[in-house]
Amino acid sequence: MWLWLLRRLGQVIPTLLILSVLVFGLQQLMPGDPALILAGEERGDAQVLAQIRAELMLDRPLAEQYLHWLWRVLHGDFGFSWRIRMPVGELILTKLPVTFQLAAMSFIIGVVIGVPCGVLSAVWRDRPADWAINGVALFGISMPNFWLGIMMILLFSVQLGWLPPSGYVPLWEDPLMSLETTIMPAFVLGTGVASVLMRHTRAAMLGALSQDYVRTARAKGLSETLVVGKHALRNALIPVVTLGTIEFGRLLAGAVLTEQIFSIPGFGKLVVDAVFNRDYPVVQGVVMATALIFVTLSLIADMLYMAINPRLRTA
Amino acid sequence: MNALDVEGLCIDFHTERGTLRAVDRLSFSVAPGRTLAIVGESGCGKSATALAILGLLAENAETSGRISLAGQALTPQAQRAARGRELAMIFQEPMTSLNPAFTAGEQVAEALRLHEGLNPRDAMQRAIAMLERVRIPEAARRAKQYPHQLSGGMRQRVMIAIALACKPKLLIADEPTTALDVTVQAQILALLDELKRETGTAVVLITHDLGVVRDHADEVVVMYAGRVAERAPTAQLFNQPEHPYTIGLLGAAPRLDSRRARLASIEGTVPDLRNPPPGCRFAPRCPFALAACEALPALAELAPGHWVACHRAPLDAVIAA
Ligand SMILES: Nc1ncnc2c1ncn2[C@@H]1O[C@H](COP(=O)(O)OP(=O)(O)O)[C@@H](O)[C@H]1O
Ligand code: SF4
Ligand SMILES: [Mg+2]
């Protein structure tokens, strides 16, 4: 177990390093000079520009900039946002809970819809109910989030006036309001997750239901509900749990567009604004934080996989 | 009263390439405490028969005929109620028949909780007692282990414990030792005999190994391509086989008594059940076939309890001539 963890960490560190180099390098390809953007009104003043460049180390060789940045990151310091004038670490920590709440809600919606639908469509394989569920799932996968989001706003906010069209209220300030502001984006993101989970659950359940141990369970006299819901599902969930963890990671990192549509001030909005403003420290920080979350989640996924799979746990 | 009566059982499978009759007018009975063996090559309908008795055939199967358990007709509802109680089965594949996600003890206890309404603790106690009874050493420790931590023989013992946990009237063992090595095979079969003596359970032992039949069965049904070829008390069958197929099988049975294990085989293969030969299904492989064999041979009683479906039976006269 410890050895395994060490080996995993051994894979993680080079991955993160390479990623950081890529982020640093690719920024150089972005058009637009950050110093020009930051100078604003005074962009004509060569002295101001030079001063900004010196302050931000933009006049130094790229390698030096990178090493300087890396050194500070290793000490837990992600630097200062050039634009918002706030430490990047703090910025990330204020935005993360928002995105986390959204991701968690989307994930719950995805699991609650996706897993039972997958089970049912496996049990009713090749019957109309199965086709219907698969049809809806295909729809869920192929429907663009921005379109669904806009449609929902039109229906629930503009037409019916039930929900606020955009904005965000933190959970700890007003839980009910908070749910009202996040339920639509969570649903938009959740449908995608539900579709993916449904398809994987269905495949895993079909595999499990054809196994000999399912026949044994029936021969024992168990009801069909127990046969499906206990004996088959317990095994089918093993791969689905892993996939679910990755899906959760994708929610944390990939809600950019949806956050924009619903004006949710989360991670997605932070990084988009930062890119447009050439706020490199923020971009770098967000990318690295996202990568770190991903890496951690996939580690959790593997550990969960071991925990629920007796073959690995006791091997 | 018999523990099991099967009368005129027919099983059809509807497939994309047409319907095949896997079992055709099969009849047999087993008394409590007795073992009936069903023997035949792979594909002759043994497992289909077993699953039909339990009511666990695939959805594309259609059955007809009568199956009664202790005199009671086994309707689908009755099968459902009887499974795991009066009616139990162990399968050929001990490696895959247990659920990999639950411990051995949990899988035995589950049946006890369901059928005897025991609480989880009592059920586990009884499960451990059952595991001891099927001679699993350190049963309490083994009960906490998962199937992958157990050997094939051990897993089959767990399967037997599950099957016998609720004292069934009938136990169907579908090739219970085929996947195991020879010494384990003998142990498992001896265990089944012993448990049968203690509980009075009737056993249907399905096998393709006549050596197993000789030592463990009271009566034998030899099946060929879904039909009964011959049915007789075990001693009678071995002393005086009458059906050419049985004689062929006896030639193919490994003979440990002659030191060199001999394995002769019957030439040819089992017919395609979608398109079987008319009349006697064994005719294409039968060294004794005549023109008359294009008509279906009826099952006739040559001696008390000895039934044969062959136009040329008794064969003694044929061989002597
Ligand atoms: N679900 C099914 N669909 C179609 N054919 C089947 C099905 N199950 C069994 N069969 C066919 O029925 C015949 C008998 O099979 P089986 O009872 O498993 O044989 P045995 O156990 O004697 O080896 C075989 O020809 C097999 O291919
Ligand atoms: S009926 Fe004819 S073909 Fe069939 S087993 Fe007897 S002799 Fe052979
Ligand atoms: Mg079989």
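**Exercise 1.** How much area do domain 1 of chain A and domain 2 of chain A bury between them?

*Solution.* This is a predicted model, in which local features need pLDDT of at least 70, side-chain atom pairs count only at pLDDT 80 or more, and totals for chains, interfaces and linings use all residues. Residues are numbered from 1 along each chain as its sequence is written, chains are lettered from A and ligands numbered from 1 in the order in which they are written, and side-chain values use heavy atoms, leaving out hydrogens and water.

Step 1. Chain A is divided into domain 1 (32-77) and domain 2 (88-313), with bounds from an automatic or database domain assignment.

Step 2. Buried area is the accessible area (1.4 Å probe) that two parts lose on being put together, summed over both. For these domains of chain A the value is about 440 Å², with 69% of it on carbon and sulfur atoms.

Step 3. On the side of domain 1 of chain A, the most area is lost by A:P34, A:I37 and A:W69, together 79% of what that side buries.

**Exercise 2.** Find which atoms of B:K46 and B:S47 approach an oxygen atom of ligand 1.

*Solution.* Step 1. Ligand 1 has 14 residues around it, each with a heavy atom within 4 Å. Among those that come nearest are B:K46 and B:S47.

Step 2. In B:K46 a backbone N or O atom lies 2.8 Å from an oxygen atom of ligand 1.

Step 3. In B:S47 a polar side-chain atom lies 2.8 Å from an oxygen atom of ligand 1.

Technical notes
A polar contact is a pair of N or O atoms within 3.5 Å; within protein, one must be able to donate a hydrogen and the other to accept it, and residues adjacent in sequence count only if both atoms are side-chain atoms.
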